[in-house]
Amino acid sequence: MTPELLDWRHAQVGDPAPCVLCRSPALMRDPDTNQPKHKVCAEQALAARKRAENEAA
Ligand SMILES: [Zn+2]
C-alpha cells in the first residue's frame, strides 16, 4: 500500500522547533494545526491512523 502524500505546498516555514511527532527540530508547520511537524512524520502518522481504522473496522 502506498502511503498517502500530503499536499504541504502551502505549508508555512519557520524557525526550527521540535516536531510534535518525533521531537527533532522541524522547519515546516502543519497547514491544518500550525504545529511544527515534518511532512514525513505527518504522513506516517496519517498512515498509522488509517491502518488502525482499517483494523478496527
Ligand atoms: Zn518529525
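**Notebook: a β-β-α chain, looked up residue by residue**

I began at G14, which touches L27 and R29, not counting residues up to four places away in sequence. Contact here means that the C-beta atoms of two residues, placed from the backbone, lie within 7 Å. G14 belongs to strand β1. I counted 12 other C-beta atoms within 10 Å of G14, so this residue is exposed. My cut-offs: buried is 20 or more other C-beta atoms within 10 Å of the residue's own, exposed is 12 or fewer, partly exposed is in between, and C-beta atoms are placed from the backbone.

**Ground rules**

I am reading a predicted model, where local features need pLDDT of at least 70, side-chain atom pairs count only at pLDDT 80 or more, and totals for chains, interfaces and linings use all residues. Residue numbers start from 1 along each chain as its sequence is written. pLDDT is the predictor's confidence in each residue, from 0 to 100. I noted a mean pLDDT of 93 for the protein chain. In that chain 95% of the residues reach 70 or more. By element, α1 has the lowest confidence, at a mean of 95, and β2 the highest, at 97.

**Whole chain**

I listed the elements next: 1 helix and 2 strands. They run β-β-α from the N terminus on. Helices (H or I, at least four residues) and strands (E, at least two) are DSSP runs, numbered from the N terminus. I boxed the C-alpha atoms along the principal axes and got roughly 40 × 20 × 20 Å. Of the 57 residues, 12% count as buried. For contacts with a separation of 6 or more, I find that 23% come from residues 24 or more positions apart.

**The hairpin**

How do β1 and β2 pair, parallel or antiparallel? Strand β1 (residues 13-18) and strand β2 (residues 25-28) pair in the antiparallel sense, over 3 bridges. I call two strands paired if DSSP finds at least two bridges between them. P18 stands opposite P25 in β2. The two strands form a hairpin with 6 residues between them.

I checked burial along β1. Of its 6 residues the number buried is 0, so β1 lies largely in the open.

**Positive phi**

R23 is not a glycine, yet its phi is positive, about 70°. R23 sits in the loop between β1 and β2. It counts as exposed because it has 9 C-beta neighbours inside 10 Å.

N34 is another entry under this heading. Its phi is near 65°, a positive value in a residue other than glycine. I place N34 in the loop between β2 and α1 (39-56). With 11 other C-beta atoms within 10 Å, N34 is exposed.

**Before β1**

I moved to the segment before β1 and picked R9 and H10. Why is H10 exposed? It has 6 other C-beta atoms within 10 Å. R9 is exposed too, and its count is 6 other C-beta atoms within 10 Å.

I then traced both residues to P31. H10 and P31 are 21 residues apart along the chain, and their C-alpha atoms are separated by 7.1 Å. R9 and P31 are 22 residues apart in sequence and 9.2 Å apart in space, C-alpha to C-alpha.

**H38**

Last stop: the loop between β2 and α1, where I found H38. Which residues is H38 in contact with, leaving aside its neighbours within four places in sequence? I list C19, C22, A26 and M28. H38 is partly exposed, with 19 other C-beta atoms within 10 Å. I also took its distance to A57. H38 and A57 are 19 residues apart in sequence and 29 Å apart in space, C-alpha to C-alpha.
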